[in-house]
Amino acid sequence: LGVLPFLLVGFSFGGMTAGLLAAAHPDVAARLVLVGAPAMGVVPHKQFTLRGWRHLPDVDRQRDIHRYNLGALMLWDSAKIDDEALALHEHNVLRDRMPRRRASGTDVLAQALPQIQVPVAAIYGAHDALYKTYIGALGDKYRTVTPQLLDFVLVPDSGHWVQYEQADAFSAALQRVLQA
């Protein structure tokens with residue numbers, strides 16, 4: 001199609017996947033931006049607990065669990081859990097084909113980053129539930145293993161789903177790293 005290389009931005013599990021793609025196929029990306037990506041190997045154990053909902057026959061009870069899970073994993077400010085966020089979350093989890101995401105708890109992305117030859121930036125919510133008190137160690141890990149690191153950005157007042165929770169601040173950070 002004549003579109004290679006392109007700006008590659010991936011969120012969460014998609015960020016991990018984008019990093020692995022850029023490492024395996026160096027001609028694909030001109031720049032890589034990882035947003036809330038897991039698999040950096042800095043967290044000794046999972047930092048959150050989600051509640052099961054698939055076994056519940058009552059849709060209202062399922063919705064209550066989805067609201068809880070949004071607050072536990074995706075959004076730092078529970079006031080941001082509005083009807084739109086809840087509907088998006090429900091839509092996505094109903095289609096989730098990889099609910100355990102075992103690779104997310106590894107350091108597979110951290111192992112791939114030294115191989116990436118294009119500029120790399122990372123954007124995370126300052127209160128990302130994947131990292132919590134390890135967010136400082138995450139920044140250190142990026143600076144240690146990513147030779148092409150442009151920037152490691154922490155967006156204040158946001159959690160894992162930073163682009164939803166702080167859309168304007170996220171957009172500004174993304175524009176800055178794409179133009180750097």
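**Helix packing and an aromatic cluster in a predicted model**

The buried residues of helix H1 pack against strand E1 (6-11), strand E2 (29-35) and helix H4 (108-112). Here, buried stands for under 20% relative accessible area, exposed for over 50%, and partly exposed for anything in between, with a 1.4 Å probe and protein chains only. Helices (H or I, at least four residues) and strands (E, at least two) are DSSP runs, numbered from the N terminus. This is a predicted model, so local features need pLDDT of at least 70 and side-chain atom pairs count only at pLDDT 80 or more, while totals for chains, interfaces and linings use all residues. Residues are numbered from 1 along each chain as its sequence is written, and side-chain values use heavy atoms, leaving out hydrogens and water.

Which residues of H1 are buried? They are Phe13, Gly15, Met16, Ala18, Gly19, Ala22 and Ala23. An α-helix has 3.6 residues a turn, so residues three or four places apart point the same way. The length of H1 also works out: the 12 residues of this helix (residues 13-24) should span 16 Å at 1.5 Å a residue, and the end C-alpha atoms are 17 Å apart, which agrees. The expected span is 1.5 Å times one less than the number of residues in the helix.

Zooming out, the protein has seven helices and four strands. Read from the N terminus, the elements go β-α-β-α-α-α-β-α-β-α-α. For 180 residues, a compact globule would have a radius of gyration near 16 Å, and the 17 Å of the protein agrees with that. That radius is taken over C-alpha atoms, and the globule rule is 2.2 Å times the number of residues to the power 0.38. The C-alpha trace spans about 50 × 40 × 30 Å along its principal axes, and 43% of the 180 residues count as buried. Take the contacts (heavy atoms within 4.5 Å) between residues at least 6 apart in sequence: 73% of them join residues at least 24 apart.

Next come the rings. Rings of Phe, Tyr and Trp (its six-membered ring) pair if their centres lie within 6.5 Å; planes under 30 degrees apart are called stacked, over 60 edge-to-face, and the rest tilted. A search of the whole structure turns up five aromatic pairs. Tyr124 counts as buried because its relative accessibility is 0%, and Phe152 is buried with a relative accessible area of 14%. Ring pairs join Tyr124, Tyr131, Tyr142 and Phe152 into a cluster.

Is Pro156 buried or exposed? Pro156 counts as exposed, because its relative accessibility is 52%. Apart from neighbours within four places in sequence, Pro156 is in contact with Ala126 and Gln166.
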